[in-house]
Amino acid sequence: MGDAKTPLRRVILGTGGTIAGRASRAGDNVGYVAGQVSAQDLMAAVPPLAGWPLEVEQVAQIDSKDMGFAVWQRLAERVAHHLAREDVAGVVITHGTDTLEETAFFLHTVLRPGKPVVLTCAMRPSTALVPDGPQNLLDAVTVAGDPRARGVLAVCAGGVHAAEHVTKVHSYRVDAFDSGDAGPLGCVEEGVVRWFHAPSAQSQAEVVDARRLEAVMQAGAMPRVAWMTSHADADGTQVRAMLAYGAIHPEAMPHGMVVAGTGNGTLHQALEAALLAAQAQGVQVRRGTRCARGRVVPGAAGALEDTHGLAPAKARIALALELMGL
Ligand code: SIN
């Protein structure tokens with residue numbers, strides 16, 4: 001596979017994660033440190049990639065549980081830089097699994113790229129007896145060079161997922177990602193992408209959305225959006241505490257709140273009362289569901305807007321970007 005079929009260059013951006021993790025004992029798949037191996041060394045550990053037109057850049061080297069806006073800004077800038085190059089077909093990002101769906105959704109919403117941006121990862125560290133990272137990396141590079149690929153995608157365990165739908169659904173198994181009711185976009189089989197659905201790019205003409213990128217690059221921080229869950233005995237104390245703390249420390253005042261409701265977005269009445277009070281104070285509130293599958297199906301008009309099908313982790317980012325005017 002490789003240059004004959006996909007002559008254009010692909011750029012691998014490393015950010016850390018378990019794919020770059022190292023354990024002191026081979027066979028230890030949980031007691032390792034994420035973000036230890038360079039993206040250059042990850043690529044070198046995949047012999048079939050030798051000779052492919054690839055470039056590697058290390059953007060960060062972290063456990064993705066510690067992901068935040070500063071790394072997202074740097075990543076968005078580097079992705080945009082490389083996608084603007086005529087000789088680059090697409091970008092691959094090596095990333096931890098824990099917040100992969102958040103980074104994917106952020107880049108999707110901000111950049112709206114016309115070329116493919118493929119996030120990949122591993123559930124086992126590079127030192128595992130049978131690491132899953134090398135195959136995932138090979139598959140991601142394959143997808144990034146596929147002529148039908150576009151937009152922000154995630155590739156893991158042979159599945160190709162869209163940024164809007166991909167979610168980590170398992171804490172341990174290598175096949176840890178799922179696209180819920182939407183299903184995966186395709187799969188990678190022996191170096192060939194089999195598409196079930198054509199990926200859609202939000203912008204066909206532009207490489208990335210320059211206006212949105214500029215707004216993100218100019219921002220010092222993302223608007224603060226808190227995320228909480230409704231549950232038995234949820235009494236709204238958390239909401240009132242955040243507002244009280246924000247009154248004393250204005251920099252900590254939430255601008256928005258996303259609540260993962262029960263079932264079809266229903267909320268414990270005490271939590272709902274606290275959220276309505278927050279909304280009356282000017283905090284933007286969105287209501288999603290804590291169910292692993294499905295969405296809040298609009299029905300009886302509620303006083304709290306729903307997340308329009310977004311899972312809470314993504315709704316939090318969407319609301320923060322909306323509060324930035326994006
Ligand atoms: C991380 O998210 O960086 C650690 C966990 C993983 O990649 O599976």
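Predicted model: local features only at pLDDT ≥ 70, side-chain atom pairs only at ≥ 80, totals over all residues.
Visitor: How far is a polar side-chain atom of Thr-97 from an oxygen atom of the ligand?
Guide: Polar contacts are N or O pairs within 3.5 Å. Asp-63 places a side-chain N or O atom 3.2 Å from a ligand oxygen. Asp-98 uses a backbone N or O atom, 3.0 Å from a ligand oxygen. For the polar side-chain atom of Thr-97, the distance is 2.4 Å.

Visitor: What share of the ligand's exposed area does the protein bury?
Guide: Taken alone, the ligand exposes 250 Å². Of that, the protein buries 95%.

Visitor: What span does helix α8 reach from its first C-alpha to its last?
Guide: Helix α8 covers residues 312-323, 12 residues in total. At 1.5 Å a residue, 16 Å is expected. The span reached is close to that, at 16 Å.

Visitor: Which residues of α8 are buried?
Guide: Buried means under 20% relative accessible area. The elements covering the buried residues of α8 include α2 (69-83), α3 (100-111), α5 (210-218), β13 (225-229), β14 (256-261) and β15 (284-289). The buried residues are Pro-312, Ala-313, Lys-314, Ala-315, Ile-317, Leu-319, Ala-320 and Leu-321.

Visitor: Which residue just after α8 takes a positive phi?
Guide: The value is about 85 degrees. The residue is Gly-325.

Visitor: Why does Cys-121 count as buried?
Guide: Cys-121 sits in the loop between β6 (116-120) and α4 (133-144). Beyond its neighbours within four places in sequence, Cys-121 contacts residues including Ile-19, His-95, Gly-96, Thr-97, Val-155 and Phe-177. The cut-off for buried is under 20%. Cys-121 counts as buried because its relative accessible area is 1%.

Visitor: How far apart are the C-alpha atoms of Cys-121 and Leu-100?
Guide: Leu-100 is among the contacts of Cys-121. Along the chain the two are 21 residues apart. Their C-alpha atoms are separated by 8.1 Å.

Visitor: Is Glu-190 buried or exposed?
Guide: Glu-190 lies in the loop between β11 (186-189) and β12 (192-195). Phi is positive there, about 50 degrees, although Glu-190 is not a glycine. Exposed means over 50%. At 79% relative accessibility, Glu-190 is exposed.

Visitor: What is the relative accessibility of His-308?
Guide: His-308 is in the loop between β16 (305-306) and α8. Phi of His-308 is near 55 degrees, positive in a residue other than glycine. His-308 counts as exposed, with a relative accessibility of 53%.

Visitor: Which residues is Met-253 in contact with, leaving aside its neighbours within four places in sequence?
Guide: The loop between α6 (237-248) and β14 holds Met-253. At 22% relative accessibility, Met-253 counts as partly exposed. Its contacts are Arg-224, Met-242, Leu-243, Gly-246 and Ala-247.

Visitor: What separates the C-alpha atoms of Met-253 and Val-192?
Guide: Along the chain, Met-253 and Val-192 are 61 residues apart. The C-alpha separation is 49 Å.

Methods:
Residues numbered from 1 in each chain as written. Heavy atoms only, no water. Polar contact = N/O pair within 3.5 Å; in protein donor to acceptor, adjacent residues only side chain to side chain. Areas by Shrake-Rupley, 256 points an atom, 1.4 Å probe, with all protein chains shown as cover. Helix = DSSP H or I, 4+ residues; strand = E, 2+ residues; numbered from the N terminus. Expected span 1.5 Å × (residues − 1). Buried < 20%, exposed > 50% of the residue type's maximum accessible area, 1.4 Å probe, protein only. Contact = heavy atoms within 4.5 Å.
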